Amino acid sequence: MPKMRAVQVPSPKASFEIVEREIPEPSPGSVRIKVQACGVCHSDSLTKEGTFPLVQYPRVPGHEVVGVVDAVGPGVPRWAPGQRAGVGWHGGNCGYCDACRRGDFFACQTFTAITGITYDGGYAEYMIARAEALASVPDELSPVEAGPLMCAGVTTFNCLRNSGARPGELVAVLGLGGLGHLAVQFAARAGFRTVGIARGKDKESLARELGAQHYIDSQAQNPAAELRKLGGAQVILATVTNGDAMAAVVGGLGAKGKLMVIGAAPSLMVSPGQLIGGRLSVNGWYSGTSIDSQDTLAFSVLAGVRSMNEVFPLERAAEAYERMMSGQARFRVVLKISS
Ligand SMILES: [Zn+2]
Ligand SMILES: [Zn+2]
């Protein structure tokens, strides 16, 4: 049997190991992808550290996958070998449960298919993916460019476009890391008056290069007061994982404003009085399904949005993961697996 290299987590909290495995065959409804690039996302730590309940080990992480379809299982319409495809967090849905029949594929009640968590992901030369989880990848994006857009990109873009904010309205992005540096680009290019909020003066020039019209240094200034001076934000996209930092900006929302939460902070304290007086809301947002990813890729081509990436080969996956976890990467880390 032909073999492939894969990087797996043997058990919770154990070190990554590079292994040889048989190249898997696609089952009905699935395709095999020859992986070209896979982004390293903070959520890979759910697999690595064993903090997600459904993971069975050993497990290959990776849910920012871009490659080429190289085998198609029975019962898969529209996909053929040679087509470029991407796979994100959403690994599939049944299509027949009540949630799916309402179009809420993310809440599928039949199975929980999460790429790199409940089945093997993209830290490997090949992976199997369900057909409904595939996004078509445009020619204009290289595999390394497209990888981070499959999670960080779709999460921020899809959150913004479903936030209710309209062109010209004030949208703030809290945090200028892996998610935030994409969110600022999407917000600015989508026609919002865009505010970047981060700690320290040194991120101001980056925020402006990415398209922000305003920058708030949350260490030196009160971010809520500064947002109110600008008229109050219609939407604040919270990309940080610190609940106190999120709570500190809620007062900067304008009437009927929304705090859109995509950073998985452990807790968030918001005063009900604040919510009531301004008719404010706090909204969680899930990344998106394959068509949302495909729309993200297409918009990124249209508007020139790109992730800034640090690139590592597959065999240095452990180092790439540590770099991502350090919080020091500028701004996403990507494994380049084949050309
Ligand atoms: Zn992710
Ligand atoms: Zn379903």
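User: Where is Cys-108 found?

Analyst: In this predicted model, where local features need pLDDT of at least 70, side-chain atom pairs count only at pLDDT 80 or more, and totals for chains, interfaces and linings use all residues, side-chain values use heavy atoms, with hydrogens and water left out. Residues are numbered from 1 along each chain as its sequence is written, while chains are lettered from A and ligands numbered from 1 in the order in which they are written. Helices (H or I, at least four residues) and strands (E, at least two) are DSSP runs, numbered from the N terminus, and on that basis Cys-108 is found in the loop between α2 (98-101) and β6 (126-130).

User: Is Cys-108 buried or exposed, and which residues does Cys-108 touch?

Analyst: Buried means under 20% relative accessible area, exposed over 50%, and partly exposed in between (1.4 Å probe, protein chains only); with a relative accessible area of 11%, Cys-108 is buried. Contact means heavy atoms within 4.5 Å, and, not counting residues up to four places away in sequence, Cys-108 touches Asn-93, Cys-94, Cys-97, Ala-99 and Cys-100.

User: Which residues coordinate the zinc ion (ligand 2), and what is the arrangement of the donor atoms?

Analyst: Donors are N, O and S atoms within 2.8 Å of the metal (3.2 Å for Na, K and Ca), and since water is not among the atoms, sites may look incomplete. The zinc ion (ligand 2) is coordinated at 2.3 to 2.4 Å by the SG atoms of Cys-94, Cys-97, Cys-100 and Cys-108, which follow the spacing C-x2-C-x2-C-x7-C along the chain. Four donors count as tetrahedral if all angles lie between 85 and 135 degrees; here the four donor atoms subtend angles of 104 to 118°, so the arrangement is tetrahedral. Cys-97 and Cys-100 are both buried.

User: How many aromatic pairs does a search of the whole structure find?

Analyst: Rings of Phe, Tyr and Trp (its six-membered ring) pair if their centres lie within 6.5 Å; planes under 30 degrees apart count as stacked, over 60 as edge-to-face and the rest as tilted. A search of the whole structure finds six such pairs. In one of them, the rings of Phe-16 and Tyr-321 have centres 5.2 Å apart and planes at 75°, so the pair is edge-to-face. Phe-16 lies in the loop between β1 (3-8) and β2 (17-22), and Tyr-321 in helix α11 (residues 317-325), so the pair ties together parts that are 305 residues apart in sequence. Phe-16 is buried at a relative accessible area of 15%, and Tyr-321 counts as buried at 1%.

User: What else involves the ring of Phe-16?

Analyst: A charge sits over a ring if NZ of Lys or CZ of Arg is within 6 Å of the ring centre and within 35 degrees of the ring normal, and the charged end of Lys-48 sits over the ring of Phe-16, 5.4 Å from its centre. Ring pairs also link Phe-16, Tyr-123 and Tyr-321 into a cluster.

User: Which residues of α11 are buried, and why are they on the same side of the helix?

Analyst: An α-helix has 3.6 residues a turn, so residues three or four places apart point the same way. The buried residues of α11 are Ala-317, Ala-320, Tyr-321 and Met-324. They cover an arc, taken from the directions from the helix axis to the C-beta atoms, of only 100° around the axis, which puts them on the same side of α11. These buried residues pack against β1, β3 (30-40), α1 (44-48), β14 (309-313) and β15 (332-336).

User: How many residues of α5 are buried?

Analyst: Eight of the 10 residues of α5 are buried, so the helix is largely enclosed by the rest of the structure; among them are His-181, Leu-182 and Phe-186.

How values were computed
Four donors count as tetrahedral if all angles lie between 85 and 135 degrees; four count as square planar and six as octahedral if opposite donors are over 155 degrees apart and all others between 65 and 115; anything else is irregular.
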